[in-house]
Each structure stands twice: as structure tokens, then as C-alpha cells.
Amino acid sequence: LTSVLCISTVRMKLESQQYASTRAWQSDLRLMLANALQYNRPKDFVYKLALEVGRAMEAKVQLDEHLQANLKSEHEAQHVVVPQQQVRVADGWSASVPPPLNHTETRLRRIRRHALAAGSSSKER
């Protein structure tokens with residue numbers, strides 16, 4: 001993981017008002033969900049929960065007029081041209097998430113790495 005983020009960190013940052021914008025909060029939440037999808041198997045509870053939470057979040061953003069207005073004002077503040085229609089964020093958000101790791105392959109790599117490290121340390125003796 002290049003960016004480790006858990007729900008308690010997101011909650012702490014939200015409660016202490018560390019987020020400058022709605023988009024920053026959504027970005028952290030999406031990163032947390034993307035990590036859950038990438039590092040858990042599709043059959044795992046955490047993977048399924050991340051999908052469900054992500055869909056619920058995106059649907060909420062889509063339906064919440066206040067959030068839509070906030071997103072639109074953020075875009076305008078950054079001098080980005082905003083289409084007249086609502087900002088669509090719910091379409092395929094999980095499509096950009098890398099596929100889950102092959103845990104067997106990861107385990108084998110770890111075993112090989114430890115074997116190499118053990119072999120090189122025994123040569124030093």
C-alpha cells in the first residue's frame with residue numbers, strides 16, 4: 001500500500017475539520033475503499049462491504065443537491081468548465097480500482113524472498 005487509510009482516520013479528519021472541501025473527503029473515502037477492493041478477495045466480507053459502501057456513497061452524492069452544489073462550486077473555483085447537467089460520479093467508480101491481488105502469488109513471492117534472505121545470511125557466516 002502506498003497510502004494507508006482507515007475509516008477511523010477519515011472520521012478523525014472529518015471531526016477535526018481537516019478536510020478543506022467535500023472533494024478531499026470523498027477522495028480519502030474512495031482511496032480507503034479502493035485499498036479494500038484491491039487487497040481483499042472478491043468473496044471476502046470486507047471486499048463486499050467496500051463495494052456496498054462505495055455504491056451507497058456515490059448514490060448519496062448523486063442525490064444530495066447540497067453536495068452537487070458544493071462540487072459544482074469547487075469546480076468553478078478551480079476555473080474548470082462544468083457542464084450544465086449534474087456532476088456524475090456514480091458511474092463505474094470501481095472500474096478504476098486495480099484488480100484484487102493474487103494472494104497465492106503474493107505468498108509465494110514472500111516465501112521466495114525469505115528463502116533468498118536466509119540463503120544470503122547463511123553464506124555470510
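**Figure 1. Lining of the largest pocket in the predicted model.** The residues that line the largest pocket of this predicted model comprise 12 nonpolar, two polar and no charged. Here nonpolar covers Ala, Val, Leu, Ile, Met, Phe, Trp, Tyr, Cys and Pro, charged covers Asp, Glu, Lys and Arg, and polar covers the others, Gly among them. The largest pocket holds about 220 Å³ of space. Among its 14 lining residues, Met32, Asn35, Ala36, Asn40 and Val46 are the closest to its centre. Two elements, helix H2 (22-39) and helix H3 (45-63), each give two or more residues to this lining, and H2 supplies the largest share, five residues. A pocket is an open set of points on a 1 Å grid over the protein atoms alone where a 1.4 Å probe fits, with protein on both sides within 12 Å along at least five of seven lines; lining residues have an atom within 4 Å of a point. Helices are DSSP runs (H or I, at least four residues), numbered from the N terminus.

**Figure 2. A nonpolar surface patch.** Phe45, Val46, Leu49 and Val53 make a nonpolar surface patch of about 360 Å². Such a patch joins residues with over 30% relative accessible area and no salt bridge, their nonpolar side chains (Val, Leu, Ile, Met, Phe, Trp, Tyr) lying within 5 Å. Val46 belongs to helix H3 and is partly exposed, with a relative accessible area of 41%. Buried means under 20% relative accessible area, exposed over 50%, and partly exposed in between (1.4 Å probe, protein chains only).

**Figure 3. The salt bridge between Asp28 and Lys13**. Two salt bridges are found in a search of the whole structure. A salt bridge is a side-chain nitrogen of Lys or Arg within 4 Å of a carboxyl oxygen of Asp or Glu. In the pair Asp28 and Lys13, the closest N and O atoms are 2.8 Å apart. Asp28 in helix H2 and Lys13 in helix H1 (residues 7-15) are 15 residues apart, and the pair links distant parts of the chain. Asp28 is buried, at 13% relative accessible area.

**Figure 4. The salt bridge between Glu58 and Arg30**. The closest N and O atoms of Glu58 and Arg30 are 2.7 Å apart. Because Glu58 lies in helix H3 and Arg30 in helix H2, this pair ties together parts that are 28 residues apart in sequence. Glu58 counts as buried, at 1% relative accessibility, whereas Arg30 counts as partly exposed, at 23%.

**Notes.** Residues are numbered from 1 along each chain as its sequence is written, and side-chain values use heavy atoms, with hydrogens and water left out. In this predicted model, local features need pLDDT of at least 70 and side-chain atom pairs count only at pLDDT 80 or more, while totals for chains, interfaces and linings use all residues.

Definitions and conventions. Points joined across faces, edges and corners; volume = space filled by probe spheres on them. Patch = residues over 30% accessible without salt bridge, like charges linked within 9 Å, V, L, I, M, F, W, Y side chains within 5 Å. Areas by Shrake-Rupley, 256 points an atom, 1.4 Å probe, with all protein chains shown as cover.
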